[in-house]
Amino acid sequence: MNDTPDQPAKPARSHGRIAVRPTLKPRELMTDRPDLAKAWTARVITLLPQAFPGILGESLTGKALDEGKWQLKTYDLRDYGQGRHRNVDDTPAGGGAGMVLRPDVMSAALDDALEDAKGLGRVIYLSPRGRKLDQQMAQELAVTDGVILVCGRFEGLDQRVIDHYDMMEVSLGDFVMTGGELAAQALIDATVRLLPGVLGNDASTEEESFSDHLLEHPQYTRPATWRGLPIPEILMSGHHGKIAEWRKDMAQEITKQRRPDLWAAYCAKYGIDPESA
Ligand SMILES: C[S@@+](CC[C@H](N)C(=O)[O-])C[C@H]1O[C@@H](n2cnc3c(N)ncnc32)[C@H](O)[C@@H]1O
């Protein structure tokens, strides 16, 4: 391992669209996407800023990004690297395979992101060791000002920087990916679609999977018969009360069969005996 003073250069960075708040920072004024006042903001520290907005620039999240309903800013970790080669990693203390992201390099990027965020927003490290991303987490994050997301690479991030910034570790699931970028995009997508006005129809988030500890009921559309298989008759009846009841029954049945953990939480919430229901 080698050690060098942490004096990385301050780079330019940014994603995010329509200009509504001029800022006095010269480097910000030089980008085509200045800060948007009050928009939910994802600040992403990554070695692959070109991977953003990626899928987030498409469809509903992309439209909402264009409309300034949320904004995305990337911080290229390489710009904060050490020396001529802008090194961001070093060998693991104690030996072992791979490389570890340096705390001094990451903290320089984080301090920049935190300064831009005016201290608002949770610092999240995408990590297989973290709490699993779920709908409840997305709902909690959607009512904040935004997030600062740290995407790891190699063997991950020096523990000291995780502890120092009291990062919340969030996992996409029990598997290991090569970097945190896909997990960051999943977290942003799940959160942004819950922001006001992004889906256009708020009822669609109320009824979907996980909204009340239940998985969603089956969905059907035209044609009324496909390969000899009809749409369940009740859905064609026009009787809204009975349709709602059928959907709830189906949601309960599917949840009970597939996700005993969710079913137990649902039963506890509504005082239902999980065995008799
Ligand atoms: C190869 S992984 C490092 C894995 C680490 N050595 C371990 O065993 O836990 C590199 C980076 O990918 C990201 N990553 C990998 N799997 C992930 C997951 N399931 N959820 C969130 N991020 C993940 C993390 O940011 C991690 O630092």
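In which helix is the place of Trp246? Trp246 lies in helix H8 (residues 240-258), where helices (H or I, at least four residues) and strands (E, at least two) are DSSP runs numbered from the N terminus. The model is predicted, so that local features need pLDDT of at least 70 and side-chain atom pairs count only at pLDDT 80 or more, whereas totals for chains, interfaces and linings use all residues. Residues are numbered from 1 along each chain as its sequence is written.

Trp246 counts as partly exposed because it has 18 C-beta neighbours inside 10 Å; a residue is buried with 20 or more other C-beta atoms within 10 Å of its own, exposed with 12 or fewer, and partly exposed in between, the C-beta atoms being placed from the backbone. The C-alpha atom of Trp246 is separated by 7.7 Å from that of Ile234, twelve residues away along the chain.

The chain contains nine helices and nine strands. Of its 277 residues, 31% are buried. Among contacts (C-beta atoms, placed from the backbone, within 7 Å) between residues at least 6 apart in sequence, 72% join residues at least 24 apart.

Strand S2 (residues 70-76) is mostly covered, with seven of its seven residues buried. Trp70, Leu72, Thr74 and Asp76 point one way from S2, and Gln71, Lys73 and Tyr75 point the other way. S2 runs parallel to strand S1 (residues 40-46), to which seven bridges join it; two strands pair if DSSP finds at least two bridges between them. Asp76 in S2 is the bridge partner of Thr46. The chain passes from S1 through helix H2 (residues 59-66) to S2 in a right-handed β-α-β crossover, that is, one whose path from the first strand over the helix to the second runs clockwise with the strands pointing away from the viewer.

The largest nonpolar core comprises 47 residues, a core being a set of buried Ala, Val, Leu, Ile, Met, Phe, Trp, Tyr and Cys residues joined through C-beta atoms within 7 Å. Helix H3 (residues 103-116) supplies the largest share of this core, six residues. Leu126 is one of the residues with the most contacts inside the core. Beyond its neighbours within four places in sequence, Leu126 is in contact with residues including Leu149, Val150, Gly152, Gly180 and Ala183.

Leu126 is also among the closest of the 20 residues surrounding the ligand, a shell of residues whose C-beta atoms, placed from the backbone, lie within 6 Å of it. Strand S5 (residues 122-132) gives the most to this shell, four residues.

Conventions: Two residues are in contact if their C-beta atoms, placed from the backbone, lie within 7 Å.
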